[in-house]
Amino acid sequence: MSDIQTMVQTELMIDGIPSVLAQDQDVDVLKRRIEAAAATAGAFVDFVVVGNRRVSVLVTRRTRVVISVATVQFDPRDTGDENHPFGGLYDF
């Protein structure tokens, strides 16, 4: 029986739409950027999701944001490098 490698995966749900963050995303920094955007009339917040794809979300005072964390099986492709996207949960 082999040991299964795991990693922490963070899901960002914005107005009910889920996005799983790439591994290199600093969640504390992202929280502060969302808070700053919500304090304005509206501002775009960028982040990278699993698949190494950039997402831009317009955050306003009415935007609902939920962040959850789970331990999942390790995926070595999940580097956050936008120059090397891969298929998966977000196959556009």
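Start inside the fold: the buried residues of helix H1 pack against strand S1 (6–14), strand S3 (43–49), strand S4 (53–59) and strand S5 (65–73). Keep in mind that this is a predicted model.

**Stop 1: the helix**

Select residues 27–38, which make up H1. Now pick out Leu30, Ile34 and Ala37, which are buried. Look down the axis of H1: the buried residues fall within an arc of 65 degrees, so they line one face of the helix.

Next, check the length of H1. At 1.5 Å a residue, its 12 residues should span 16 Å. The end C-alpha atoms are 16 Å apart, which agrees.

**Stop 2: the whole chain**

Zoom out and colour by secondary structure. The protein chain has one helix and five strands. Follow the sequence and the pattern reads β-β-α-β-β-β.

What box do the C-alpha atoms fill? Along the principal axes, the box is roughly 55 × 25 × 20 Å.

Colour by burial next. Of the 92 residues, 33% count as buried. Then show contacts with a separation of 6 or more: residues 24 or more positions apart account for 60% of them.

**Stop 3: surface and charge**

The accessible surface comes to about 6100 Å². Carbon and sulfur atoms hold 52% of that area.

Select the charged side chains: 9 are positive and 13 are negative. The centres of the two sets lie 9 Å apart.

**Stop 4: aspartate 3**

Go to the segment before S1, where aspartate 3 lies. Aspartate 3 is exposed, with a relative accessible area of 77%. Select valine 55 as well, 52 residues away along the chain. The C-alpha atoms of aspartate 3 and valine 55 are separated by 33 Å.

**Stop 5: aspartate 15**

Move to the loop between S1 and strand S2 (17–20), and select aspartate 15. What is phi here? For aspartate 15, phi is near 50 degrees, a positive value in a residue other than glycine. Aspartate 15 is partly exposed, with a relative accessible area of 39%.

**Stop 6: asparagine 52**

Last, select asparagine 52, in the loop between S3 and S4. Asparagine 52 is not a glycine, but it has a positive phi of about 60 degrees. Is asparagine 52 buried or exposed? Asparagine 52 has a relative accessible area of 2%, and it is buried. The cut-off for buried is under 20%.

Methods:
Residues are numbered from 1 along each chain as its sequence is written. This is a predicted model: local features need pLDDT of at least 70, side-chain atom pairs count only at pLDDT 80 or more; totals for chains, interfaces and linings use all residues. Side-chain values use heavy atoms; hydrogens and water are left out. Helices (H or I, at least four residues) and strands (E, at least two) are DSSP runs, numbered from the N terminus. Buried means under 20% relative accessible area, exposed over 50%, partly exposed in between (1.4 Å probe, protein chains only). Contact means heavy atoms within 4.5 Å. Accessible areas come from the Shrake-Rupley method with a 1.4 Å probe; for residues, only the protein chains shown count as cover. Lys and Arg count as positive and Asp and Glu as negative; His and the chain ends are not counted. The place of a charge is taken as NZ of Lys, CZ of Arg, CG of Asp or CD of Glu. The expected span of a helix is 1.5 Å times one less than its number of residues. The arc is that of the directions from the helix axis to the C-beta atoms.
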